[in-house]
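Here's a quick briefing to read next to the model. Have the 3D view open and follow along topic by topic.

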Amino acid sequence: MAAEVCRSPSLRDVGPLQFRVLCRVRFSWAEVGQLQQLPSPFGVGHSGLIFSVCSMGNGTSRLYSALAKTLNSSAASQHPEYLVSPDSEHLEPIDPKELLEECRAVLHTRPPRFQRDFVDLRTDCPSSHPPIRVMQWNILAQALGEGKDNFVQCPVEALKWEERKCLILEEILAYQPDILCLQEVDHYFDTFQPLLSRLGYQGTFFPKPWSPCLDVEHNNGPDGCALFFLQNRFKLVNSANIRLTAMTLKTNQVAIAQTLECKESSRQFCIAVTHLKARTGWERFRSAQGCDLLQNLQNITQGAKIPLIVCGDFNAEPTEEVYKHFASSSLNLNSAYKLLSADGQSEPPYTTWKIRTSGECRHTLDYIWYSKHALSVKSALDLLTEEQIGPNRLPSFNYPSDHLSLVCDFSFNEEPDGLL
């Protein structure tokens with residue numbers, strides 16, 4: 001998305017050279033919020049710039065009114081470094097059971113959703129508080145699913161947003177996560193934020209600066225990472241949106257890291273979500289992005305003093321350097337889904353399975369990392385079997401994304417074992 005800067009009285013504190021530069025620049029979405037730091041004569045709550053969103057070629061789309069309202073809201077002015085969700089206190093809460101029934105009514109012509117079971121991984125570490133359920137999921141950006149990803153065995157009808165969004169919501173509602181970490185979200189403001197906020201979640205969205213979704217005709221804006229948590233369970237202590245770097249260069253990949261405090265136990269932990277660079281040939285690039293993220297998390301967790309959970313589509317098999325960096329980090333992280341294996345040391349055989357024009361792709365790319373000395377995995381949601389996925393692979397009429405959701409129940413160790 002590109003933006004023109006229109007002259008207004010609020011620009012009178014900007015120098016002539018600054019103004020000429022601003023008039024010519026095409027802003028990335030990650031930078032839009034930062035422009036609100038410019039001084040404004042209208043006081044707190046007013047942006048120092050007025051944005052006029054316009055089409056600049058086929059790679060852009062209209063700015064949804066919900067997004068425009070968010071950019072102009074006082075919340076955005078208070079947090080100019082990232083896009084935050086609008087205040088949802090005025091929205092009437094909805095019953096998750098009622099929303100699930102509505103989704104299933106829309107999906108009545110589709111096959112029923114796949115049955116997946118939780119695997120009990122409980123150890124001898126008792127906990128006096130309910131576990132924290134975390135869901136990690138690349139939900140597949142709608143613009144990419146319909147326009148770029150070329151899922152040759154997936155019927156076009158299976159990708160229609162009117163029904164696919166209900167499949168996504170059904171998956172979320174079925175497992176009722178306390179924390180939800182999503183990638184490839186390109187319907188945050190018109191779907192996920194309004195609905196999930198009414199279910200009691202607080203959300204944050206950080207779009208890619210140059211989202212590939214914007215190259216698709218009739219797109220819905222940029223895709224990015226989103227992080228939601230239940231407000232009745234957690235209090236937000238700190239939030240950071242991170243634009244990842246590689247070899248000192250800013251990249252198109254992002255992360256969100258938030259420090260939360262459990263209201264039941266008053267214990268704090270950091271939850272992070274990310275989506276690293278895709279495709280073969282970019283292994284060193286992903287490795288550099290991972291190192292940058294680890295350094296940021298090292299600072300945020302005060303040198304591993306705060307327990308950490310990292311969710312993401314790393315676009316990397318366990319053999320890649322970026323995986324090895326996380327596995328050997330001084331943050332003392334373990335990959336939760338290894339615990340499903342017989343030896344507890346092997347990742348699942350796949351977390352994504354699709355067929356494109358280039359052929360069939362079955363890879364393990366998605367992970368939930370956690371501080372192994374401070375946290376325990378109580379249970380994990382098993383993966384779909386090859387039989388359930390079917391010969392045409394993913395996405396399908398049964399499942400809305402080419403990536404499987406990962407869900408884990410965590411609890412704090414009562415007595416952390418040494419370093420986190």
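**Where two helices meet**

Trp-161, Lys-165, Ile-168 and Leu-169 in H7 touch Thr-191, Phe-192 and Leu-195 in H8. Sorted by type, the residues of that H7–H8 contact come out as five nonpolar, one polar and one charged. Bear in mind that this is a predicted model.

**The H7–H8 pair**
- Two numbers are handy here, since packed helices are described by the angle between their axes and the distance between the axes.
- For helix H7 (residues 161-175) and helix H8 (residues 188-198), the angle is about 35° and the axes are 12 Å apart.
- The crossing of H7 past H8 is right-handed.
- H8 has a run of buried residues: Tyr-188, Phe-189, Thr-191, Phe-192, Gln-193, Leu-196 and Ser-197.
- After H8 comes Gly-200, with a positive phi near 100°.

**The largest pocket**
- If you're thinking about empty space, rolling a probe the size of a water molecule over the atoms shows where it is left.
- The volume of the largest pocket is about 980 Å³.
- Its lining takes in 37 residues, and those nearest the centre are Asp-149, Ala-278, Arg-279, Asn-315 and Arg-356.
- By type, the lining of the largest pocket splits into eight nonpolar, 14 polar and 15 charged residues.
- Which elements each supply at least two residues of the lining? They are strand E9 (249-262), helix H9 (283-300), strand E13 (352-356) and strand E14 (359-363).
- E9 contributes the most to this lining, with four residues.

- Leu-297 sits in helix H9, and it counts as buried because its relative accessibility is 0%, where the cut-off for buried is under 20%.
- Beyond its neighbours within four places in sequence, Leu-297 contacts Ala-257, Cys-270, Ala-272, Leu-308, Val-310 and Leu-331.
- Ala-240 is 57 residues away from Leu-297 along the chain, yet their C-alpha atoms are separated by 10.0 Å.

- As background, most residues other than glycine have a negative phi, and most peptide bonds are trans.
- Leu-140 is not a glycine, but its phi is positive, at about 75°.
- You'll find Leu-140 in the loop between strand E4 (132-138) and helix H6 (142-147).
- Is Leu-140 buried or exposed? With 0% relative accessibility, Leu-140 counts as buried.
- His-218 also has a positive phi, near 60°, in a residue other than glycine.
- The loop between strand E6 (201-207) and strand E7 (224-230) holds His-218, which counts as exposed because its relative accessibility is 71%.
- The peptide bond joining Leu-394 and Pro-395 is cis, with omega about -10°.
- Pro-395 belongs to the loop between helix H11 (386-389) and strand E17 (406-412).

**The whole chain**
- The secondary structure amounts to 11 helices and 17 strands.
- Out of 420 residues, 55% count as buried.
- Taking contacts between residues at least 6 apart in sequence, 78% join residues at least 24 apart.

Methods:
Residues are numbered from 1 along each chain as its sequence is written. This is a predicted model: local features need pLDDT of at least 70, side-chain atom pairs count only at pLDDT 80 or more; totals for chains, interfaces and linings use all residues. Side-chain values use heavy atoms; hydrogens and water are left out. Axes are lines fitted to C-alpha atoms, for helices over the stretch in contact, and angles run from 0 to 180 degrees between N-to-C directions. A crossing is left-handed if the near helix is turned anticlockwise from the far one by less than a right angle, and right-handed if clockwise. Contact means heavy atoms within 4.5 Å. Ala, Val, Leu, Ile, Met, Phe, Trp, Tyr, Cys and Pro count as nonpolar, Asp, Glu, Lys and Arg as charged, and the others, Gly among them, as polar. On a 1 Å grid over the protein atoms alone, a cavity is a set of points where a 1.4 Å probe fits but cannot get out, and a pocket is an open set with protein on both sides within 12 Å along at least five of seven lines; lining residues have an atom within 4 Å of a point. Grid points are joined across faces, edges and corners, and a volume is the space filled by probe spheres set on the points. Buried means under 20% relative accessible area, exposed over 50%, partly exposed in between (1.4 Å probe, protein chains only).
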